[in-house]
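Please look over the sequence and the model shown here. The report then takes up sheets, pockets and cavities in turn.

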Amino acid sequence: MRGSFWRETVIVFRRQLRMALRNPAWVIIGLVQPILYLVLFGPLLEPIAAQLGAQNAYTLFVPGLLVQLGLFGALFAGFGLIAEWRAGVIEAERVTPASRTALLLGRILRDVLQLFVQGIVLIGLAFLFGLTGSILGMVFGLILTVLLGAACAAASNALALTTKSEDVMAPVINSIALPVLLLSGILLPMTMGPQWLQTVSDFMPTKYIVNAIRELFLGNFFTLTTMWGVIWTIVLFALGLYVGTRTFRKENA
Amino acid sequence: MIHARGLARTFAGRGKGKEKVEVKAVAGVDIDVAEGEIVGFLGPNGAGKTTTLRMLTTLLKPTAGSATVAGFDVATQSQQVRRSIGYVSQSGSTSPEARAGEEIMDHGMLYGISKQQAEARGRELFGQLDLEGLWTREPRAMSGGQRRRLDIAMGLVHDPKLVFLDEPTTGLDPQARANLWTHIADLRTNLGSTVFLTTHYLDEADALCDRILVIDHGTIVASDTPDALKRQVSGDLVQLVVGDTEQAARTAELLGGIADAELTTDGAGVSARVRESGTKIAGLIRELDAAGISLESLEVRRPTLDDVFLDLTGRSLREDA
């Protein structure tokens, strides 16, 4: 790959990060989000964990919260792009010789970094609440989350550039995010539900990812569940980047 | 600098019901722009100005025809074209909450310029475009004129040989427009740039451009200097108002003697197109005086590009603007 490609990616990334960090709302909301999930939601789940046979409520729920953070944060990343498009920034960047893929990748990297920091805050705080488990597993779990987030951010940016309207994008994102959230066993494991619900959830790739991260948190690296989660993460990551890159390369986008 | 032959763009649209129709946004245009020229691309909204511009700046692929810009083919050498041109679009180029100086540096670096060079060039342009002291200002806190000049600075950061300006003064107040005109004229004077600008303001094209291309319904209907285009219109508009309708009838006869076109009478008012009116008006006044006609007012209006446009397309440009 051309050396200038990475240089251009870094320029775009740095610009995005600089603007984000200068926005106090972005920083505060980004950090408060994982804390809110943990503080307001964790206590509700503690009594249920025992019923599910889990030894530690947080080892069970933090993986779900991680994926939720990844999905939601990243899926909404495209909204910022619409504002940039409206301000003419995207077109101005597209008349430069810079690679169109770099224009996308630099933006995704910012979302990925945000997710990574949020994940660390979430896991770190969960230790205070009593999280136990494999540290290495948590690191791998965070990596899967970040890859999933990158896929979602790429898809979200692609959707933003295609629709170019917040009014169209918001309902689309919501109608995707809600079933994914409910059918992935993010908040509660799907095994709690009736058979038909479990069968429907079998078609949800993110369910396998959540399950894999749960396994990883327990230190189970080489199980079938972990393998499926890793495979689905890689598939979604590749798919997201492909769709995103294609949209950014398309003329008149 | 620009050579386009039969450049065309059709969009797939939908007609009545579900039948597919091809919408010809640009129906094959030939454009030639020499180095150092300031050329205006004039036409009403929807005439195909922006589509043509987007093809010449590699943002849109032509569906037919070919074009070389700054010596490179827009279809096969888009990278080289992008490196050689600056494009200032209608919609702006900076994020409202970014800082002006950082935006121009990042933009320059995307062109492959080093950080130091981009900063030096950016500060130099801020000086030339009356943006001193605004380096750390956010575009949302700038006036419309300042933002437009910042957009122009963004388009010039890599020292392009050719600059495209899309409706550079749309939405600006008259003072800011006049100010921007001097800066656009300076692009050539100080930097030796070739400038290609679209506008639907006739006075703008008149004030700035060496040559004007008039586009309507996707085809170029005229290409000449503003003066030559104005000469195509049959002379100056001479408007007289006399004492009463009786005198007006007599005046119409006398004015008819020197009129070339459009002789009309409206109550006590008489008007006509007269070529080289300057040499004929004095005689007319003497004749009116001799005939005992009391002249209330006399007005001579030089043809404007609006008249040219009306002449060429049968419509006034202002109706669309």
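Predicted model: local features only at pLDDT ≥ 70, side-chain atom pairs only at ≥ 80, totals over all residues.

**Confidence in chain B**

Chain B has a mean pLDDT of 86, and 96% of its residues reach 70 or more. Among the elements of chain B, the highest mean pLDDT, 94, belongs to helix 3 (residues 100–110) of chain B, whereas the lowest, 55, belongs to helix 12 (residues 317–320) of chain B.

**The six-stranded sheet**

One open sheet of chain B is built from six strands in the order 6-7-8-3-9-10, and its pairing is mixed. Strand 6 (85–88) and strand 10 (219–224) of chain B each have a single partner strand, so one side of each is left without a neighbour in the sheet, and these two strands stand at the edges. From one strand to the next, the twist averages 15°.

At one end of this order, strand 9 (residues 211–216) of chain B runs antiparallel to strand 10 of chain B, and five bridges join the two. Within this pair, Ile215(B) has Ile220(B), in strand 10 of chain B, as its bridge partner. Helix 11 (residues 305–313) of chain B lies across both strand 9 and strand 10 of chain B, and its direction is at about 40° to that of strand 9 of chain B.

**The four-stranded sheet**

A further open sheet of chain B has four strands in the order 12-13-11-14, with antiparallel pairing. Its edge strands, each of which pairs on one side only, are strand 12 (261–266) and strand 14 (295–301) of chain B. With direction ignored, neighbouring strands of this sheet are turned by 10° against each other on average.

Strand 11 (residues 236–242) and strand 13 (residues 269–274) of chain B run antiparallel and are joined by six bridges; Asp236(B) has Val274(B), in strand 13 of chain B, as its bridge partner. Two helices lie across strands of this sheet. Helix 9 (residues 245–258) of chain B lies across strand 11, strand 12 and strand 13 of chain B, and runs at about 5° to strand 13 of chain B. Helix 10 (residues 281–290) of chain B lies across strand 11 and strand 14 of chain B, and runs at about 165° to strand 14 of chain B.

**Pockets and cavities**

| Space | Nonpolar residues | Polar residues | Charged residues |
|---|---|---|---|
| Second largest pocket | seven nonpolar | eleven polar | four charged |
| Largest cavity | six nonpolar | two polar | four charged |
| Second largest cavity | six nonpolar | five polar | one charged |

The largest pocket has a volume of about 760 Å³. Its lining holds 36 residues, of which Ala20(A), Asn23(A), Trp26(A), Gly80(A) and Arg110(A) are the closest to its centre. Two or more residues of this lining come from each of helix 1 (3–21), helix 2 (24–51), helix 3 (57–75), helix 4 (78–86) and helix 6 (100–129) of chain A, and the largest share, seven residues, is that of helix 2 of chain A.

The second largest pocket has a volume of about 430 Å³, and among its 22 lining residues Ala54(A), Leu60(A), Pro189(A), Arg214(A) and Leu218(A) lie nearest its centre. Helix 3 and helix 10 (205–217) of chain A are the elements that give two or more residues to this lining, with helix 10 of chain A giving the most, five residues.

The structure also holds four cavities of 30 Å³ or more, and the largest cavity contains about 80 Å³ of space. Residues of both chains line the largest cavity, including Ile11(A), Arg15(A), Glu93(A), Glu103(B), Asp106(B) and His107(B). Helix 1 and helix 5 (89–94) of chain A, together with helix 3 of chain B, each supply at least two residues of this lining; helix 3 of chain B gives the most, with four residues.

About 60 Å³ of space lies in the second largest cavity, whose lining includes Ala92(A), Val95(A), Tyr87(B), His107(B), Asp151(B) and Met154(B). The elements that give two or more residues to this lining are strand 6 and helix 5 (144–156) of chain B, and helix 5 of chain B has the largest share, three residues.

Terms used. Residues numbered from 1 in each chain as written. Chains lettered and ligands numbered in written order. Heavy atoms only, no water. Pairing = 2+ DSSP bridges. Axes fitted to C-alpha atoms, helices over the stretch in contact; angles between N-to-C directions. Contact = heavy atoms within 4.5 Å. 1 Å grid on protein atoms, 1.4 Å probe; cavity = no way out; pocket = protein on both sides within 12 Å on 5 of 7 lines; lining within 4 Å. Points joined across faces, edges and corners; volume = space filled by probe spheres on them. Nonpolar A, V, L, I, M, F, W, Y, C, P; charged D, E, K, R; others polar. pLDDT = per-residue confidence, 0-100.
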